Amino acid sequence: MLRYFTSGESHGEGLVAFLSGLPAGLKVDLAFVDRELWRRQQGYGRGGRMKIETDRAHILSGVRQALTIGSPIAVLLENKDWKNWEEALPVEEGDPAKHKRVASPRPGHADLAGALKYNFSEARYVLERASARESAARVAIGALAKLFLRELGIEVLSHVVAVGATSLDKEVPWEQIRSLWDRQEILLNCADVDAEQRMKTEVDKVLKTGDSVGGIFEVVAHKVPPGLGTYAQWDERLDGLLAGAVMSLQAVKAVEIGAGVTAAASPGSAVHDEIAYAGEGNFTGFSRSRNNAGGIEGGVSNGEDIRVRGYLKPISTLRRPLQSVDFASREPVKAAYERSDVCVVPAAGVAGEAMVALTLARCALEKFGGDSMLETHRNFQGYCQQLKNY
Ligand SMILES: Cc1cc2nc3c(=O)[nH]c(=O)nc-3n(C[C@H](O)[C@H](O)[C@H](O)COP(=O)(O)O)c2cc1C
């Protein structure tokens, strides 16, 4: 079974991600992993932190001579900012005078709930772990999951559908999403140039006013075979697994599969994707006229592209802070401010890709198994042949 964890604090020495359960013999392209990390750091509206960090995956275990060896993989991402925080966040007792308190909880962050839960007198350690810096660790192991999925012909990418009130109201074909990956400069990762400029204007507006903005990203998984996930048990449904994985990302407050949101207000005839038989296709001879289901019916992939949207609340740290209360005095004060992004929709999309890739890789390994890539390939090809013969 594919399992994964992360550890690390936003301003600590580094982040570590663990990935256990990949078969042996998977080619690991480190340049690809680093490019994924770079993609997460891009986008118009990121703050000063991303100028300090240049994330690079340092693999500590589980990969030798550019191949996985079936052992757990540990990846280290160093925090370049650590040198400025060593005295504030010592592992040993250190000097309490050097501690950097977060004196008043920031609305929208975990600050207050976390301080109450862990019995901290202020929110420094809450911020350190609840921060979305952690998502870099997920992107590192998500890149390994992507390399695994590629071996089965599956690709996972994202694009931005909305920033604030500006949205793109058309379905973007896979080829256009695919071509976004080649961009050397990422503005808002939107497939439509005009919409992207309007999105940039939204970000400029909040940059001027000291506010922040949210949005929507869409992750698309291309060439997923029918049959991943199952309706047989509630906790094995692919839609449920993907929703949980994407919702687990910082600031994601809603997840939509396919046209889920508009479908709720539409008649069935306008929603469900009619079935035809063409005799030829990706995996089977069956085809669909459209893909409102987002590639999943009954908790099972149906062979169409899987489409999952993540809805982000606006960034919680505001340059013009909201009202809060001082942890010590309980007096009303403005919420604490710490260097921050104002828009992270493209970056969240990259983290969303990682979560979708990890989820699909886990489901694919449950279905096809294999301790070596040779075995996984053999099982996968046998299943594809079975589908062709159906
Ligand atoms: C890639 C990414 C980067 C983020 N950067 C920031 C940031 O710089 N400042 C901030 O206040 N929130 C940032 N956020 C959002 C916060 O992490 C999020 O609002 C916070 O964790 C509370 O949301 P939650 O209730 O979903 O955890 C970022 C989110 C993502 C996905």
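Trainee: Which elements each supply at least two residues of the lining of the largest cavity?

Mentor: Those are α1 (30–40), α5 and β7 (155–163). The names follow DSSP runs numbered from the N terminus, with helices being H or I of at least four residues and strands E of at least two. This is a predicted model, where local features need pLDDT of at least 70 and side-chain atom pairs count only at pLDDT 80 or more, while totals for chains, interfaces and linings use all residues. Residues are numbered from 1 along each chain as its sequence is written, and side-chain values use heavy atoms, with hydrogens and water left out.

Trainee: Which element gives the most there?

Mentor: β7 does, with 3 residues.

Trainee: What counts as a cavity, and as lining?

Mentor: On a 1 Å grid over the protein atoms alone, a cavity is a set of points where a 1.4 Å probe fits but cannot get out, and lining residues have an atom within 4 Å of a point. A pocket is an open set with protein on both sides within 12 Å along at least five of seven lines.

Trainee: How many cavities are there of 30 Å³ or more, then?

Mentor: The count is 3.

Trainee: On to helices. At what angle do α1 and α11 pack?

Mentor: The angle is about 140 degrees, with the axes 8 Å apart. Axes are lines fitted to C-alpha atoms, for helices over the stretch in contact, and angles run from 0 to 180 degrees between N-to-C directions. α1 and α11 are therefore oblique to each other, since angles under 35 degrees count as roughly parallel, over 145 as roughly antiparallel, 65 to 115 as roughly perpendicular and the rest as oblique.

Trainee: Which residues meet there?

Mentor: From α1, Glu 36, Arg 39 and Arg 40 meet Ala 347, Val 350 and Glu 353 in α11, with contact meaning heavy atoms within 4.5 Å. That contact has 2 nonpolar, no polar and 4 charged residues.

Trainee: What about α5 and α11, how do their axes cross?

Mentor: The axes of α5 (residues 135–151) and α11 (residues 345–368) come within 8 Å and cross at roughly 45 degrees. The contact includes Val 139, Ile 141 and Phe 148 of α5 and Met 355, Leu 358 and Leu 365 of α11. By class, that contact has 15 nonpolar, 2 polar and 3 charged residues.

Trainee: Now pockets. Which residues lie nearest the centre of the largest pocket?

Mentor: His 109, Ser 131, Ala 132, Arg 133 and Asp 341, out of 38 lining residues. The largest pocket has a volume of about 860 Å³, and α11 gives the most to its lining, with 3 residues.

Trainee: And how much space lies in the second largest pocket?

Mentor: About 600 Å³. Its lining has 23 residues, of which Pro 226, Thr 284, Asn 302, Gly 303 and Glu 304 lie nearest the centre. β12 gives the most to that lining, with 3 residues.

Definitions and conventions:
Ala, Val, Leu, Ile, Met, Phe, Trp, Tyr, Cys and Pro count as nonpolar, Asp, Glu, Lys and Arg as charged, and the others, Gly among them, as polar. Grid points are joined across faces, edges and corners, and a volume is the space filled by probe spheres set on the points.
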